[in-house]
Amino acid sequence: MSIDPAVKPVIAVDGASKTFGAVRALSEVSFSVARGECVGLVGHNGAGKSTLVNILNGSLTPDAGTIHLEGLAADRYSVVAARASGLRCVFQELSLCPNLTVTENTRIMHSGIKGLGWRRNAAALIRAKLDEIFPGHGIDGGQTVAELSIAERQMVEIATAFSQSDHAVRLVILDEPTSSLDSSLAAQLLAYIRRFVAEGGSVVLISHILSEILTTADRIVVMKDGQVVASGPAAEFSVDTLVGAMGSVVRARDARRVFEAGAEGGPVLQQRALGNAEAMDFVAYRGEILGLAGLGGHGQTRTLVSLFMNAGGDWRGRRQTKIAFVAGDRHVDGNLPLWSTLKNLTLTLLPDLTRLGLIDRRKEASVAGNWRERMEIRTNDLGNPILSLSGGNQQKVLFARALATTAPVVLMDDPMRGVDIGTKQEVYHMLRVEADKGRTFVWYSTEMDEVCQCDRVYVFREGRIVAELTGEDVTEERVLAASFAGGAA
Ligand SMILES: Nc1ncnc2c1ncn2[C@@H]1O[C@H](COP(=O)(O)OP(=O)(O)OP(=O)(O)O)[C@@H](O)[C@H]1O
């Protein structure tokens, strides 16, 4: 839809700047959203998107510039006041309380639900919104959040943000809402966003999956190094022009290998499918990029963890590591939040950096500096705490931690969550080069584009492998057919 410029924006910031120590995260950014509009916000990791979101949300005060939210006086701007004026935010780092149930978490976000029947009312509120956005979701309000998968937690956060109790929902900011959702859940959400804006709501959609921005947003704003560098109707952009505006290079896709199973010395990993005659065994060969696909939560992560444990992994770095693991849920399995970026990166390399029980600090800094360059980890000092990095940059550190080892097998649990497209393309290339040298990658991904980079793919359904696709047969249609029908690929 086209937005009438005469229409007053629901929210507008003008000339906003923000610095963190030596880092200039935002520099004179102006940004606005109109009623009935979905604005797509894109930019490389560390471009300043989340900082802008925090300013819109009221949790950060800009060093300079003004902010206006319809119906709220500028001098009263705060998180609570913005929420009361209809602004909702779903953050990249999910914020539910893990020890409480879905219903109890809903009640925390909707303080207007009070009285004796609060539990029943909160349960009904969240169930209705989950049913509306993600029909067939299978989430029970009585489940503790810690029991939910990362995708289910993301769904609950999204449904909580869109559900309405005491205040009308007018503007919802979604910071990478599909990063943990498989393609069918992502499609459900994007369709819901279109329905929400058609009814007059407003949405800011941040994503590194440019195809979903192009198909869902009315207008796109591109950020680079803390500034807005391009803005216009979505129809005027393509993936290539967006990538170019973000300052990345469009890289041609590497050729997939037609892998001849066993030709290079037999399997490096295998696991028999027990107790089910229809399930296929898992086998990975030297030098291949093996994808794990299917709907999210159908046993892919469980398989990776059991492969890791069976291969003798114990989550501690050892000299000549046999197998490395890139965690997808960086908060639960990846980051050591109180440690520096450097220490987080070199954790698995310590045996190689140690002599006579002492870490060679110079060597450690040099190895980490090298990986910072290769992965374009944006921080002015590797001594900075890991949590001071943007989400995508934290994920790059976890990737570097695994790739920097000499492990011949690397397991990856949807590792590109939140990584920008330029870096992703570099990493895809890096994986191909390493695979050509004989390394094996087992790669679970919720992004179809990534699944299609693999030489061979196992499709999972209900906890087991139901189909195997190879070479040119690895297509979105075949993966989806097998995900739903099992073996019908
Ligand atoms: N609390 C903080 N302390 C120090 N630096 C910070 C802090 N928050 C953000 N930064 C820095 O500000 C810059 C912008 O970060 P921001 O999180 O806004 O990027 P982003 O565009 O959201 O990136 P991503 O796509 O990875 O989420 C980064 O260099 C980041 O390291």
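I began with strand 1 (residues 11-20), which pairs with strand 2 in the antiparallel sense over seven bridges; two strands count as paired if DSSP finds at least two bridges between them, and helices (H or I, at least four residues) and strands (E, at least two) are DSSP runs, numbered from the N terminus. I noted that this is a predicted model, in which local features need pLDDT of at least 70, side-chain atom pairs count only at pLDDT 80 or more, and totals for chains, interfaces and linings use all residues. Residues are numbered from 1 along each chain as its sequence is written.

I then looked up a residue pair and found V13 opposite F31 in strand 2.

Next I followed the whole sheet, which is open, has three strands in the order 2-1-4, and pairs them antiparallel. Strand 2 (23-33) and strand 4 (64-69) stand at the edges with a single partner strand each, so one side of each is left without a neighbour in the sheet.

Last I checked the domains, whose bounds come from an automatic or database domain assignment: domain 1 covers 11-246 and domain 2 covers 267-485. To their contact, domain 1 gives 24 residues and domain 2 gives 22 residues, where two residues are in contact if their C-beta atoms, placed from the backbone, lie within 7 Å. On the side of domain 1 that touches domain 2, the elements that give two or more residues are helix 5 (150-162), helix 6 (183-198) and helix 8 (239-246), and I found that helix 6 gives the most, with three residues.
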